[in-house]
Amino acid sequence: MDRICGAVLGRIHSLSPAGRYVIIAEDEFFEAFPDGCEATYEELDRALNVLKKNGYIDVRYSRGSLYCVAPLKEYVEEQPLPPQNIPAPAEQKRIRKIDFVFFSAFAGGALGSIVTSVIAALLT
């Protein structure tokens, strides 16, 4: 959220509790604009549309220079997640899985060898 949107949302929250509509004049919004920002109708309209689209405010109507708005939720900056201690690949435990194809081939070879030995023993 940029500085203008934050200032407009702060002004709305200062004039009305969450969920309650309040009528605010365009000049009151312009007073809340940060220093160095251009106070134009286009910037105010953009800020109100961004706040409405993101669910921070509800605009019931806007006629002339009056706006009927209600704050819905407060803006809370997202805290970055602390870095997690991820072990290096060499330090990770190796999970050994049984290779069933290799085991089946080995068992088949052993069984074939036993059968062949038994047949050879019976014939001699």
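**A first look at this predicted model**

Thr-40 is buried, with a relative accessible area of 18% (buried means under 20%, exposed over 50% and partly exposed in between, using a 1.4 Å probe and protein chains only). This is a predicted model, where local features need pLDDT of at least 70, side-chain atom pairs count only at pLDDT 80 or more, and totals for chains, interfaces and linings use all residues. Residues are numbered from 1 along each chain as its sequence is written, and side-chain values use heavy atoms, with hydrogens and water left out.

**Around Thr-40**
- You'll find Thr-40 in the loop between α2 (26-32) and α3 (41-53); helices (H or I, at least four residues) and strands (E, at least two) are DSSP runs, numbered from the N terminus.
- Leaving aside residues up to four places away in sequence, Thr-40 touches Phe-30 and Phe-33 (contact means heavy atoms within 4.5 Å).

**The sheet**
- Three strands make an open sheet, ordered β1-β3-β2, with antiparallel pairing (two strands pair if DSSP finds at least two bridges between them).
- β1 and β2 sit at the edges with a single partner strand each, so one side of each has no neighbour in the sheet.
- On average, neighbouring strands here are turned by 30° against each other, direction ignored.
- β1 and β3 pair over four bridges, and Val-22 stands opposite Val-69 in β3.

**Helices on the sheet and on each other**
- α1 packs on the sheet and touches β1, β2 and β3, its direction making about 80° with that of β3; axes are lines fitted to C-alpha atoms, for helices over the stretch in contact, and angles run from 0 to 180 degrees between N-to-C directions.
- α3 lies across β2 and β3, running at about 145° to β2.
- The axes of α1 and α3 come within 9 Å and cross at roughly 75°.
- That makes α1 roughly perpendicular to α3 (65 to 115 degrees; under 35 is roughly parallel, over 145 roughly antiparallel and the rest oblique).
- Residues making this contact include Val-8 and Ile-12 of α1 and Leu-48 of α3.

**The core**
- The largest nonpolar core holds 18 residues, and those with the most contacts inside it are Val-8, Ile-12, Phe-29, Leu-48, Ile-57 and Val-69 (such a core is a set of buried Ala, Val, Leu, Ile, Met, Phe, Trp, Tyr and Cys residues joined through side-chain atoms within 4.5 Å).
- α1 gives this core its largest share, five residues.
- Among the residues that Val-69 touches are Ile-12, Val-22 and Phe-29, not counting residues up to four places away in sequence.
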